[in-house]
Each structure stands twice: as C-alpha cells, then as structure tokens.
Amino acid sequence: MYDSIVSAYEFLAKGGVVMIFIIASSIVAIVLFIERLIVFRHERTRSQRLIEPLIEAIKLGQFERAFTLCDEHRGCMARIARTALTKRDIARDDLISAVGDEGHVAEVYLNRRVPSIGAISTLSPLLGLLGTVTGMITIFSQMADEYAAGMTSNQGMLAGGIWEALLTTAAGLCVAIPAFIMHRALCAKIDDFMIELETSATRIVDLLAPPPKNALAQAPTPTPQAAIDVANASTQAADSPRNANLPNDEASK
C-alpha cells in the first residue's frame, strides 16, 4: 500500500508544479459536486413533504397552518409559498410577478458554485497544455545547452522528457472530462427541480388567485335543434340567389 502511494506520488511529481494545480482543481470539483448533490436532495425532499399538506391547508382556508408548514420545512418551495401566502390579497398578475421573483432567487441559490465546476472543466486542459509547453521548453533548452557544450544529444533522454511533459496534458483531460459531466448533470438536476417548483407554485397561485374564466367557456352551448336551424337558414340563403335568376315557371318548380 505504501509502495503504491509512493509510486503514484513519484509519477505525478514528474508533471511539475502545474500538476499540483490540476490535482487541486480536481479535488475542488469533487467537493463542490458532492455539496450541490446534498443541497438538491434536501431541497427536493423538503418540497415533496411540503406541497401536498400546504395545498390542502390552502383549500380549507387554513392560512395560519400554511404559514406554520412553511416555517417547519423551509427551503426554496417554502419561501415561494410564503411569498404567495403573504401577498395573496393582491391582483393575480402582481402575485405571479412576486412568486416569479422568488423563483428567480431560488434558481440563483441552486446554481451557486455550479459555474465553478464548469470553469474547472474548461481550465484543466489549459493547465495541462501549459505544463506540457513549459516541459518542452525545459527539454529543448537543456538540449541546446548540451549542443553548445559540444555534447551529443541523447534520443532516449529526449523521448523521456517529452513523455514527462505530456503527463500534464493527460492529467488535465482526466480532470476536465469528469468535471464537464458533473457540471452538465447538475444543470440537468437544476432544470428538473425548477420545473417542479414552477408547477407547485402555479398550483398555489391558482388557489389563492383563481384565473378569470374564459369568455368562450361562459357562452351558452348551442342545442342540437339550434344547430339544425342555423344549417337550414344557411342552405336557404345559398339557394336564394340561384332561384332569383331563374324564370318564374322554373323557380316555381
């Protein structure tokens, strides 16, 4: 076990100083990813436990109980619901706007630290490339000094130096690819959870400030006999111009 750790350390140490930053960025990405997963799990659990009892309390007009439920569960859904309950007496459009503002605050909270993971996925390959370039510069500088001193360049040394320089590029890609996957996974989770919040918020708003009924829904539904009368009237109106152009004998027929 100890020998394996030493071998891994020696292997990574060949990448130079840049390898330290690459390893540090990988640790940061993993920590941020785990932290965001924990936050999402807590927020989703709180939302699922809150929404149904809250909807039931609003339907029964038990607003004090609804406020109590928001205080007990907290989280993004609780803050959105509390905003809706506090401003339930204002116009529907204003209520929707207030709830939307609170939803934007929730989205900002959920996206916190997620861009950092995306930045790591972009920065890691660049750090790897920087390590490779600086390593190549060092190798060719040594070869130039040996050539100036009249020494013959060793092809094995050149190959070994290039191999060590390429380690940082490989390490940067090994960090960037998982970081990119973690970033996209978190973005997908945020989108899904925001849809859940929007759906729940719409249910709450519709209960507190019901939407106006459609004018078309208020119009009386025509009876079958009325529809038949309209059809007959349309047929007679279409036949009248044709009968007017016929002679009297033919029209009488």
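I started with Arg-36 and its accessibility: at 1% relative accessibility, Arg-36 counts as buried (buried is under 20% relative accessible area, exposed over 50%, partly exposed in between, with a 1.4 Å probe and protein chains only). I kept in mind that this is a predicted model, where local features need pLDDT of at least 70, side-chain atom pairs count only at pLDDT 80 or more, and totals for chains, interfaces and linings use all residues. Residues are numbered from 1 along each chain as its sequence is written, and side-chain values use heavy atoms, with hydrogens and water left out.

Next I looked up where Arg-36 sits, and found it in helix H2, residues 17-59 (helices are DSSP runs of H or I, at least four residues, numbered from the N terminus).

I then checked its partners. The side chains of Arg-36 and Glu-35 are joined by a polar contact of 2.8 Å (a pair of N or O atoms within 3.5 Å, one able to donate a hydrogen and the other to accept it; residues adjacent in sequence count only if both atoms are side-chain atoms). A polar atom of the Arg-36 side chain also lies 3.3 Å from the backbone oxygen of Arg-112. Leaving out residues up to four places away in sequence, Arg-36 touches Tyr-109, Leu-110, Arg-112, Arg-113, Val-114 and Leu-186 (contact means heavy atoms within 4.5 Å).

I moved on to H3, residues 63-73, where Ala-66, Phe-67, Leu-69, Cys-70 and His-73 are buried. Seen down the axis, these fall within an arc of 155°, so they line one face of the helix (the arc is taken from the directions from the helix axis to the C-beta atoms). I found H2 and helix H4 (75-86) among what covers them. Exposed Glu-64 and Glu-72 are on the face turned away from the buried side.

Definitions and conventions:
Helix = DSSP H or I, 4+ residues; strand = E, 2+ residues; numbered from the N terminus.
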